[in-house]
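The sequence and structure come first.

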Amino acid sequence: MMRELNCDVISQAVERLCIKANTMLPPQIAMLIECAAEAEESPAGRAALSDLTENFICAGLNGLPLCQDTGMAVVFADVGQDLHITNGDFRAAIDEGVRRGYERGALRKSVVKDPLHRVNTGDNTPAVLHVRIVEGDSLHLTVAPKGFGSENKSALKMFLPSSGTDEIADFLVETVSEAGSAPCPPVILGVGLGGTVEQAAIIAKRALIRPADKQNPDAFYAGLERLALKRINRLGIGPMGYGGRITALAVNIEVYPTHIAGLPCVVNMSCHATRHAEALL
């Protein structure tokens with residue numbers, strides 16, 4: 001039988017997730033920052049990581065934003081094919097939840113209604129919504145606010161199909177090197193390989209919500225993740241750009257089948273505060 005889910009329940013969940021994501025760092029990322037503080041050899045880098053640790057602890061305990069840039073709300077929705085959403089419009093329910101969450105959480109509203117006219121919408125809507133139809137009758141929501149200090153340093157390259165891992169690793173390292181301190185390192189890289197341009201971008205964004213202590217389950221791509229991370233951490237940019245060994249916390253690569261003539265690669269850059277929160281309804 002078809003299960004029903006009221007739009008107001010969806011809005012309530014998104015409201016809670018917006019606040020949680022902006023105030024509580026995912027535990028895997030908090031753990032990586034704490035481990036980085038122990039591994040970092042640069043005194044300035046260690047001090048920066050210590051400050052970051054103090055910041056995310058303080059934010060979580062007091063319900064305060066992890067960062068002044070509370071981001072544009074990116075919402076991933078996995079909708080069960082046996083789920084019937086009732087009493088309203090699904091897209092409107094998502095935006096209503098974002099509106100409530102950013103207001104109740106006193107979160108900075110950073111969205112403009114047109115990319116050139118630049119007039120603020122005043123409520124951080126609309127969200128960027130990615131929907132997948134999956135088996136079952138549940139709704140899995142992930143809210144991932146994305147700040148633009150790091151988003152602005154994202155990159156796309158259309159590789160030749162003959163390109164290999166060394167060229168791809170070179171591109172990832174060059175992207176981080178050119179970004180320097182701007183994305184507030186230590187960074188996390190979401191990398192999308194394959195598909196078309198927009199598919200590579202979406203899976204790169206999804207790669208950022210993978211638990212940061214997990215590697216790609218395919219040993220080949222896990223090896224590429226380790227290679228890229230090792231090389232990035234030789235750049236010497238260090239935490240917050242103060243120099244040191246820890247420039248990146250993780251490189252997360254996701255792949256998708258692609259055309260015989262292409263090899264799209266998108267790097268979605270994220271800062272140390274790679275935020276997301278999820279709920280199953």
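## Secondary structure and dimensions

In this predicted model, the chain's secondary structure consists of eight helices and ten strands. The C-alpha trace spans about 55 × 50 × 40 Å along its principal axes.

The radius of gyration is 19 Å, which agrees with the value near 19 Å that a compact globule of 281 residues would have. Of the contacts with a separation of 6 or more, 82% are made by residues 24 or more positions apart.

## Burial, surface and charge

Buried residues account for 50% of the 281 residues. The chain exposes about 13,200 Å², of which carbon and sulfur atoms supply 55%.

There are 26 positive and 32 negative side chains in the chain. The centres of these two sets lie 3 Å apart.

In soluble globular proteins, nonpolar side chains tend to be buried together. In this chain, the largest nonpolar core has 28 residues, and those with the most contacts inside it are Ile10, Val14, Phe90, Ile94, Leu139 and Leu141. At least two residues of this core come from each of helix 1 (7–23), strand 2 (72–80), strand 3 (83–86), helix 4 (90–104), strand 5 (139–146) and strand 10 (277–280). Helix 1 gives the most, with seven residues.

Neighbours within four places in sequence aside, Leu139 is in contact with Leu5, Ile10, Ala77, Asp78, Val79, Leu83, Phe90, Ala279, Leu280 and Leu281. Another core, of 23 residues, lies apart from the largest one; among its members are Val173, Leu224, Val251 and Val267.

Definitions and conventions. Residues numbered from 1 in each chain as written. Predicted model: local features only at pLDDT ≥ 70, side-chain atom pairs only at ≥ 80, totals over all residues. Heavy atoms only, no water. Helix = DSSP H or I, 4+ residues; strand = E, 2+ residues; numbered from the N terminus. Rg over C-alpha atoms; globule rule 2.2 N^0.38 Å. Buried < 20%, exposed > 50% of the residue type's maximum accessible area, 1.4 Å probe, protein only. Contact = heavy atoms within 4.5 Å. Areas by Shrake-Rupley, 256 points an atom, 1.4 Å probe, with all protein chains shown as cover. Lys, Arg positive; Asp, Glu negative; His and termini not counted. Charge placed at Lys NZ, Arg CZ, Asp CG, Glu CD. Core = buried A, V, L, I, M, F, W, Y, C linked by side-chain atoms within 4.5 Å.
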